[in-house]
Amino acid sequence: MYGSTPANMAGVWKSSLFGCLNDIPQCVATYCCPCVAYGWNQQRLDGSDCQQHCIRFCLFSLCWLCVIEALPRRQKLRSQFGLDEICVNDFVTICCCTPCAICQEHNEMAQRGHGKPAMDFMK
């Protein structure tokens, strides 16, 4: 989960949790406004409404419950890419490193060529 892997390996993240530092503009955008980056990722993952997920994530974040919104989405991403399902790791990752988790998901979809980016910040 924490390192880059060859393209032919299934079940393992291609982007590391702290790989957000490889794309500084995306990292800064996600750190400053994670609800928007979360909405972009959700739209890219399944074509759903970016604004709706942005607002829901923001509201849940006010009371530290963003995991309710983010955990099912992260599990859906795992399912679509055949990544090993480790719910406890996802829970801890979202609770402790929310911006890093959002960047990791963005980078994972980009590396796998999944969907059209809703917005690639400053590119």
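This is a predicted model: local features need pLDDT of at least 70, side-chain atom pairs count only at pLDDT 80 or more; totals for chains, interfaces and linings use all residues.
Guide: Numbering runs from 1 along each chain as its sequence is written, and side-chain values use heavy atoms, with hydrogens and water left out.

Visitor: What makes up the fold of the protein chain?

Guide: Six helices and zero strands. Helices (H or I, at least four residues) and strands (E, at least two) are DSSP runs, numbered from the N terminus.

Visitor: Why is Leu21 called exposed?

Guide: Exposed means over 50% relative accessible area, buried under 20%, and partly exposed in between (1.4 Å probe, protein chains only). Leu21 has 56% relative accessibility, so Leu21 counts as exposed. Leu21 sits in the segment before α1 (24-32).

Visitor: Which residues of α5 (residues 87-96) are buried?

Guide: Asp90, Thr93 and Ile94.

Visitor: Why do you say the buried residues of α5 line one face of the helix?

Guide: Down the axis of α5 they fall within an arc of 95°, so they line one face. That arc is taken from the directions from the helix axis to the C-beta atoms. On the face turned away from the buried side of α5 are the exposed residues Val88 and Cys96.

Visitor: What do the buried residues of α5 pack against?

Guide: Helices α4 (66-81) and α6 (98-111).

Visitor: How much of the protein chain counts as buried?

Guide: Of its 123 residues, 44%.

Methods:
Contact means heavy atoms within 4.5 Å.
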